[in-house]
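Q: Can you walk me through the side-chain contacts in this model? Keep it brisk.

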Amino acid sequence: MNKYFEKNEAEKYVFYKIPKALFTDQKYCSVSTDAKMLYALLLDRMYLSTIKQGQELLHFGHDKIIRLFGEFEKADLIQRNRQGQGKANIIYLKKF
């Protein structure tokens, strides 16, 4: 069994896309690589996501995910709408 990927195997895999602008645009230079990875996961889903889902997918703790979402807000990449006590925030991805 060959331990290397072959050209025809590439289409067997699904990938997350990370927008180049997150790396090339000066506006996003303060956004951490971990936050950029989380943004790619959110972009792939294109609908409501939760802090718990981010923790599960990236194996990060609650505090780290909260901090990453804070980076998104500071960079104007998301909008969080608070729904009130005991309800989850609705998170909208903004176009960059």
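**Aromatic pairs and salt bridges**

A: Let's begin with the rings. The count comes to two aromatic pairs, where rings of Phe, Tyr and Trp (its six-membered ring) pair if their centres lie within 6.5 Å, and planes under 30 degrees apart count as stacked, over 60 as edge-to-face and the rest as tilted. This is a predicted model, where local features need pLDDT of at least 70, side-chain atom pairs count only at pLDDT 80 or more, and totals for chains, interfaces and linings use all residues. Residues are numbered from 1 along each chain as its sequence is written, and side-chain values use heavy atoms, with hydrogens and water left out.

Q: Why is the pair of Y39 and F72 edge-to-face?

A: The ring planes of Y39 and F72 stand at 65°, so the pair is edge-to-face; the centres are 5.7 Å apart.

Q: Where do Y39 and F72 sit in the chain?

A: Y39 is in helix α2 (residues 33-45) and F72 is in helix α4 (residues 62-74). The pair links distant parts of the chain, 33 residues apart. Helices here are DSSP runs (H or I, at least four residues), strands likewise (E, at least two), numbered from the N terminus.

Q: Is Y39 buried or exposed?

A: Y39 counts as buried, at 1% relative accessibility. F72 is buried too, with a relative accessible area of 0%. The cut-offs: buried is under 20% relative accessible area, exposed is over 50%, partly exposed is in between (1.4 Å probe, protein chains only).

Q: And which geometry do F69 and F72 have?

A: F69 and F72 form an edge-to-face pair, with 5.7 Å centre to centre and 90° between the planes. They are three residues apart in helix α4, so about one helical turn separates them. Both F69 and F72 are buried.

Q: Which residues form the aromatic cluster?

A: Y39, F69 and F72 form one cluster.

Q: New topic, charges. How many salt bridges are there?

A: Four. A salt bridge needs a side-chain nitrogen of Lys or Arg within 4 Å of a carboxyl oxygen of Asp or Glu.

Q: What does K64 pair with in a salt bridge?

A: The partner of K64 is D34, at 2.5 Å, N to O. That pair also links distant parts of the chain: K64 is in helix α4, D34 in helix α2, 30 residues apart. K64 counts as partly exposed at 24% relative accessibility. D34 is partly exposed as well, at 28%.

Q: Which ring does the charged end of K64 sit over?

A: The ring of F60, 4.2 Å from its centre. The rule wants NZ of Lys or CZ of Arg within 6 Å of the ring centre and within 35 degrees of the ring normal.

Q: What about R80, which residue does it bridge to?

A: R80 bridges to E73, with the closest N and O atoms 2.8 Å apart. R80 counts as buried at 17% relative accessibility, while E73 is partly exposed at 31%.

Q: Where are D76 and K94?

A: D76 lies in the loop between α4 and β1 (78-81), and K94 in the segment after β2 (90-93), 18 residues apart. Their side chains meet in a salt bridge at 2.5 Å, N to O. D76 is partly exposed, with a relative accessible area of 36%. K94 is partly exposed at 29%.

Q: Last one. Is F15 buried or exposed?

A: F15 counts as exposed, at 59% relative accessibility. F15 is found in the segment before α1 (21-24).
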